[in-house]
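Hello,

Here is the structure I promised to pass on to you. Have a look at it first, and then read my notes below.

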Amino acid sequence: IVSMVRTIKITSSIHNINEIEFFLNSIFRESNFSRKIYCKIYLAVIESVTNAITHGNQLNKDKFVTISFEEKEAFIIVSIDDEGDGFNWNIIPNPLEALNIKKETGRGIFIMKEYSDELHFNKRGNSVQLKFNK
């Protein structure tokens, strides 16, 4: 497999999640990875993009979210970057703790960790890289 990066850039509106769905579906149609991997990628990426739009860019339509998809021989890397101030990912409360279990927010990073094989934030906290093993 020749490594090829595909990128899409959207404005910070929840309505643009549809663009990400089309982007991922077009990649999936051209690729040979399993439905299971596609579902993991889909769930983690949609969650990450939603966080980037709402928390990172605070729904500011003048700010962009960039999604890059790279397929390698043994794994797939998806990077999601926003133009927000970032955050400290080390102090996110565990959504499974009794105090947090009934809260309707705070599960995004947990979902991203569960479905990806590796997850890395940049130091600033406005870029995440999701790795999925094939």
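**Salt bridges in the model**

Glu71 and Lys134 form a salt bridge, with their closest N and O atoms 2.6 Å apart. Glu71 belongs to strand β2 (residues 64-71) and Lys134 to the segment after β5, so this pair ties together parts that are 63 residues apart in sequence. Are the two partners buried or exposed? Glu71 counts as buried, at 12% relative accessibility, because the cut-off for buried is under 20%. Lys134, at 37%, counts as partly exposed.

Please keep in mind that this is a predicted model.

One is between the side chains of Glu30 and Arg6, at 2.8 Å from N to O. Glu30 sits in helix α1 (residues 17-30) and Arg6 in strand β1 (residues 4-11), so a helix and a strand are tied together by residues 24 apart in sequence. Glu30 is exposed, with a relative accessible area of 56%, whereas Arg6 is partly exposed at 23%.

Another joins Lys131 to Glu118, where the closest N and O atoms are 3.4 Å apart. Lys131 is in strand β5 and Glu118 in strand β4 (residues 118-121), and this pair, 13 residues apart, links distant parts of the chain. Here the lysine, Lys131, is buried, with a relative accessible area of 18%, while Glu118 is partly exposed at 34%.

Best wishes

Technical notes. Residues are numbered from 1 along each chain as its sequence is written. This is a predicted model: local features need pLDDT of at least 70, side-chain atom pairs count only at pLDDT 80 or more; totals for chains, interfaces and linings use all residues. Side-chain values use heavy atoms; hydrogens and water are left out. A salt bridge is a side-chain nitrogen of Lys or Arg within 4 Å of a carboxyl oxygen of Asp or Glu. Helices (H or I, at least four residues) and strands (E, at least two) are DSSP runs, numbered from the N terminus. Buried means under 20% relative accessible area, exposed over 50%, partly exposed in between (1.4 Å probe, protein chains only).
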